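Here are some short notes for a colleague opening this entry for the first time. Please read them with the structure in view.

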Amino acid sequence: MSEKLWAAVDQYITDALLPSDAALEATLRASHAAGLPAIAVSPAQGKLLQLLARLVSARRILEVGTLGGYSTIWLGRALPEGGRLITLEADPKHAEVARGNIAGAGLDKVVDVRLGLALDTLPVLEAEKGGPFDLVFIDADKKSNADYFDWALKLSRPGSLILVDNVVRRGAVVDADSHDPNVQGVRRLYQRIAAEPRVSATAIQTVGVKGYDGLAIALVTG
Ligand code: SAM
């Protein structure tokens, strides 16, 4: 099977199941126009995040890694009245573009974009007693994945869902000798999850317009 076929099937799924959406499409256009990298989740992945948030009846969502706010908007739309989403972003330009896109989607009263390195802003959230979050989506620098997972757990409760994107890395995750810090970061994440008795977890491989990668899903059980 070729990447071309994966992308074609992904497009077919998107065309069949995901109606065109002005705010999401404007978000991708504005992000591209501002020079942001095209590394947002795909439409089908965005919808999966939204469905998972709805399945756990999330009222409070934490996202680590905002980019232009594309996944943020998918997740923010899963929230009921009174729900809140906090998203952490290190790059000032990304945060500014995201704020514009989030406002364009009518979610500026629901979403709080926090600028700064996530490992600096996560302790602030803890000090503010910002948790527990019902769903945490980790999608920032992969080398810090295990630390983000620890924070997600700290800011969760039994029943919370922790999702981590890009955990297969075109298959490179199986290479224990990889010098790629992203691969090593993902491998540390698996070790951390495996050693953590308070979660029940798996990861699935994904293919589509974003190539070959994977998503880890951990349910906080204790
Ligand atoms: N979740 C976004 C989406 O699907 O639309 C994509 C996020 S993109 C893959 C990763 C983002 O994490 C980038 O915008 C990057 O600037 C941000 N980032 C990288 N390192 C970070 C850090 N240490 N703290 C917070 N954000 C970081």
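**Notes on the predicted model**

1. Start with Trp-74. With a relative accessible area of 8%, Trp-74 is buried, since buried means under 20%. Keep in mind throughout that this is a predicted model.

2. Now look at Tyr-70. Tyr-70 has a relative accessible area of 5%, so this residue is buried. Both Tyr-70 and Trp-74 belong to helix 4, which covers residues 70–76. They are 4 residues apart there, and so about one helical turn separates them.

3. How many aromatic pairs are there? The count comes to 2. In one of them, the ring centres of Tyr-70 and Trp-74 lie 6.5 Å apart. Their planes stand at 75°, so the pair is edge-to-face; the cut-off for that class is over 60 degrees.

4. Another ring deserves a look. The ring of Trp-151 has the charged end of Lys-154 over it. The distance from that charged end to the ring centre is 4.2 Å.

5. Which strands pair with strand 7? Strand 6 and strand 7 make a hairpin, with 2 residues between them. Gly-208 is found opposite Gly-211 of strand 7.

6. Strand 5, residues 161–165, also pairs with strand 7. The sense is again antiparallel, and there are 5 bridges. Leu-163 has Ile-217 in strand 7 as its bridge partner.

7. Next, the surface. Leu-5, Val-9, Tyr-12, Ile-13 and Leu-17 make a nonpolar patch of about 500 Å². Val-9 sits in helix 1, residues 3–17. The relative accessibility of Val-9 is 41%, so this residue counts as partly exposed. That class lies between the 20% and 50% limits.

8. Finally, check Arg-188. Helix 8, residues 181–194, holds this residue. Arg-188 has 37% relative accessibility and therefore counts as partly exposed.

Methods. Residues numbered from 1 in each chain as written. Predicted model: local features only at pLDDT ≥ 70, side-chain atom pairs only at ≥ 80, totals over all residues. Heavy atoms only, no water. Pairing = 2+ DSSP bridges. Patch = residues over 30% accessible without salt bridge, like charges linked within 9 Å, V, L, I, M, F, W, Y side chains within 5 Å. Areas by Shrake-Rupley, 256 points an atom, 1.4 Å probe, with all protein chains shown as cover. Salt bridge = Lys/Arg side-chain N within 4 Å of Asp/Glu carboxyl O. Buried < 20%, exposed > 50% of the residue type's maximum accessible area, 1.4 Å probe, protein only. Phe/Tyr/Trp six-rings, centres within 6.5 Å; stacked < 30°, edge-to-face > 60°. Lys NZ or Arg CZ within 6 Å of the ring centre and 35° of its normal.
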